[in-house]
Amino acid sequence: MNPCRGEKRERPDLTTTVLRDARELRVPSSAPPRTEAIGALLGRRLQPGDVICLSGTLGAGKTVFSRGIGKGWGALPDLTSPTYNLAHMHRRARDEGRLAHIDLYRISGTSEADTLGLDDLLDGEHIVIMEWPERIREALPPAHLWINFELADAEGRELVLRAQGSRFTALMDALQRDLETSG
Ligand SMILES: Nc1ncnc2c1ncn2[C@@H]1O[C@H](COP(=O)(O)OP(=O)(O)OP(=O)(O)O)[C@@H](O)[C@H]1O
Ligand SMILES: [Mg+2]
């Protein structure tokens, strides 16, 4: 029996300035098309300057999810893995929006990312979808949506979303509503 269950315990106050707006949302995915569909719901809501961090082990589903974001946003061309190019740039037919899909797996750290022009992408104009964001954790804008891809079983994943800042808290709330209405 878990000794923590069923009894009130003193818990430390974990609230800090940085985490003041932090919230967490857990979304299960049973298969790749579901992960893509969740990404598409998020993609429909993205605005210039949004930073989406996709974290998780190799093969966790970050690129599958990114492909969905691209479909929802209307990206041209379709999103594919940018592992060998660091960044793929996308536009869409509807407006002048720009979306950068970047993969930092091969980056050794923040200084190498700087020489590759990461700063220019984090300019508040581009939407930035980032795989392996932990490579540059100290250079991340403080406000962002962080999604952790956890493996449940062969085809099962759990997406754990954490929002930092009011824009991303609102975005996560909107996604939750979308998920509830889309079933
Ligand atoms: N529920 C699921 N959601 C997403 N992908 C899944 C799921 N179940 C199985 N998969 C499989 O897992 C793999 C995910 O590949 P993907 O390229 O998206 O991973 P990744 O996280 O981007 O890896 P990398 O770190 O190498 O870039 C695909 O082969 C996909 O078919
Ligand atoms: Mg990938």
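1. Two strands are said to pair if DSSP finds at least two bridges between them, and the strands themselves (E, at least two residues), like the helices (H or I, at least four), are DSSP runs numbered from the N terminus. On that basis S1 and strand S7 (residues 157–164) pair in the antiparallel sense over seven bridges, with Arg26 standing opposite Val160 in S7.

2. The model is predicted, so that local features need pLDDT of at least 70 and side-chain atom pairs count only at pLDDT 80 or more, while totals for chains, interfaces and linings use all residues. Residues are numbered from 1 along each chain as its sequence is written, and chains are lettered from A and ligands numbered from 1 in the order in which they are written.

3. Seven strands form an open sheet of mixed pairing, in the order S1-S7-S6-S2-S5-S4-S3. Strand S1 (23–29) and strand S3 (87–91) stand at the edges with a single partner strand each, so one side of each is left without a neighbour in the sheet. From one strand to the next the twist averages 15°, where axes are lines fitted to C-alpha atoms, for helices over the stretch in contact, and angles run from 0 to 180 degrees between N-to-C directions.

4. Helix H2 packs on this sheet and touches S2, S3, strand S4 (98–103), S5 and S6, its direction making about 165° with that of S5; residues are in contact here if their C-beta atoms, placed from the backbone, lie within 7 Å. Helix H5 (residues 166–182) lies across S1, S6 and S7 and runs at about 145° to S7.

5. Strand S2 (residues 51–55) has four of its five residues buried, a residue being buried if 20 or more other C-beta atoms, placed from the backbone, lie within 10 Å of its own. S2 pairs in the parallel sense over four bridges with strand S5 (residues 127–131), where Leu54 stands opposite Glu131. S2 also pairs in the parallel sense over four bridges with strand S6 (residues 144–151), in which Trp146 is the bridge partner of Cys53.

6. Around ligand 1 there are 18 residues, of which Thr35, Gly61, Lys62, Thr63 and Val64 come nearest; a residue is near a molecule if its C-beta atom, placed from the backbone, lies within 6 Å of it. Helix H1 (32–44) and helix H2 (62–73) are the elements that give two or more residues to this shell, and H2 gives the most, with three.

Definitions and conventions
Buried ≥ 20, exposed ≤ 12 C-beta atoms within 10 Å, placed from the backbone. Contact = placed C-beta atoms within 7 Å.
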